[in-house]
Amino acid sequence: MDKIKVSLLGATGMVGQKMVRLLADHPYIDLVKLSASDSRTGKEYGRTVNWIEQGPIPERYRNMRMVSSTPEDQKDVDYVLSALPPEAAEGVEVELIKNGINVISNASPFRMSKDIPLLNPELNFEHLKILEERDTKYVKNPNCTSAIMAMPLGEILDMPYKRISIVSMQAISGAGYSGLPYMSIDDNIIPYIHGEEEKIPAEISKMYGSVRDNNIVNRKTRINVTSVRVPVKIGHMGIINVELDEEPDLEKLKEKMKNFAPLKRFSGLYSAPPHPIIVHEEEDRPQNALDTFNGMEVHVGRISYRDGILRMVVLGNNLVRGAAGITVLTMETMKQMNLI
Ligand SMILES: NC(=O)c1ccc[n+]([C@@H]2O[C@H](COP(=O)([O-])OP(=O)(O)OC[C@H]3O[C@@H](n4cnc5c(N)ncnc54)[C@H](OP(=O)(O)O)[C@@H]3O)[C@@H](O)[C@H]2O)c1
């Protein structure tokens, strides 16, 4: 089988490093180019990156010379994977698309465009069908918190709920490699994350939207979010409260979450966990220290109903389920759908 040749923009950042790790031994996606900001062009990846991923830099990339993010340097790959910050991503990605280069991106610009899929593969792989007739394909991945919190909401959005409230407690790595000074976040909680509280409800509505005339029509939802930054390195946790008039069948809800595996119809999805939602019965789970490692799984615990409120705690790895892992799974799913 011919491998899919990909290039990675933002290869020195938090998401980029995770992507390098995930793709180093991939059976059919071949990461052949790395780039970051202009000052690194021409340098050896292993000498210029501030590597903070676990384990050594994969041998193959240690001496790879970095290239620029321009179409000139990117035109000979099948797909460009973007882990650029939003300010840089908008211009760079538009230029690549204009030059007929396919892009899958983690950055926020255009996430809400109705003609661009916002992919969290288990939830909405069918949205990829809008790309079937397009010569150049542009796909976005959701914000890390949206990706994680959306996973267990499918059943709940079908219930006659009044409102869903999410309090997200987000890890420092979500702000990028140089996102937060140590002195601001050490031993502290910051009760504001710019833009998150608007993005999360909108992106969940789009992921649960439907396809009409080759566009995505957002689902109507009633979700409000409060986001805070907490002093943990990896893993975004959310406390979800759903106002419901009637007590739901909690055992049935848990079973549906445990059995949720919509991608099992495809073979060859190397990055798809067999059980994308793990339901915990222990009253002190999920925990960042025990449940975030490198997985694509989203962990759900403390599911209960009291005083008209269905409650649960949700946790996922922001760099894997929230970013790099979804990008890789999106590519794998596109291949199985004959879109690559
Ligand atoms: N961190 C998360 O949990 C997470 C989750 C979901 C989505 N995202 C999104 O994913 C993207 C990457 O996030 P991150 O956390 O990995 O950020 P990051 O750690 O700040 O990394 C940014 C990367 O982009 C490169 N870069 C910066 N400016 C550039 C420019 N003008 N041209 C080319 N390359 C440039 C940086 O290179 P240098 O090292 O050379 O500066 C670095 O490789 C962002 O859009 C973010 O919103 C992040």
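First, the ground rules. This is a predicted model, in which local features need pLDDT of at least 70 and side-chain atom pairs count only at pLDDT 80 or more, while totals for chains, interfaces and linings use all residues. Residues are numbered from 1 along each chain as its sequence is written.

The chain is assigned domain 1 (4-143 + 323-336) and domain 2 (144-317); such bounds come from an automatic or database domain assignment. Taken over C-alpha atoms, the centres of domain 1 and domain 2 are 24 Å apart. To the contact, domain 1 brings 32 residues and domain 2 brings 30 residues, where two residues are in contact if their C-beta atoms, placed from the backbone, lie within 7 Å.

On the domain 1 side, α6 (121-124) and α13 each supply at least two residues. The helix α13 gives the most, with eight residues. For the names: helices (H or I, at least four residues) and strands (E, at least two) are DSSP runs, numbered from the N terminus. By class, that side of domain 1 has 15 nonpolar, ten polar and seven charged residues. Here Ala, Val, Leu, Ile, Met, Phe, Trp, Tyr, Cys and Pro count as nonpolar, Asp, Glu, Lys and Arg as charged, and the others, Gly among them, as polar.

What is the shape of α13, with its 17 residues? The end C-alpha atoms of α13 are only 21 Å apart, short of the 24 Å that a straight helix would reach at 1.5 Å a residue; the expected span is 1.5 Å times one less than the number of residues. There is also a kink of about 50 degrees in α13, centred on Ile 326, the bend being the angle between axes fitted to the seven residues ending there and the seven starting there. Of the 17 residues in α13, 15 are buried. Buried means 20 or more other C-beta atoms within 10 Å of a residue's own, exposed means 12 or fewer, and partly exposed is in between, with C-beta atoms placed from the backbone.

Now the ligand. It is surrounded by 30 residues, the closest being Gly 10, Gly 13, Ala 36, Cys 144 and Gly 176; the cut-off is a C-beta atom, placed from the backbone, within 6 Å of the molecule. The elements giving two or more residues to this shell are α1 (14-23), α5 (86-98) and α13 (320-336). Domain 1 and domain 2 each contribute at least three residues to the shell. Its classes are 15 nonpolar, 14 polar and one charged.

For comparison, take helix α10 (residues 196-207). Its twelve residues should span 16 Å at 1.5 Å a residue, and its end C-alpha atoms are 16 Å apart, which agrees. Its buried residues, including Ile 200 and Ile 204, pack against α6, α7 (144-150), β6 (161-170), β8 (215-217) and β9 (223-229).

Last, the backbone. The peptide bond from Arg 285 to Pro 286 is cis, with omega near 5 degrees, and Pro 286 sits in the loop between β11 (277-279) and α12 (288-291). Asp 213, in the loop between β7 (210-212) and β8, has a positive phi near 50 degrees. It is exposed, with 8 other C-beta atoms within 10 Å.
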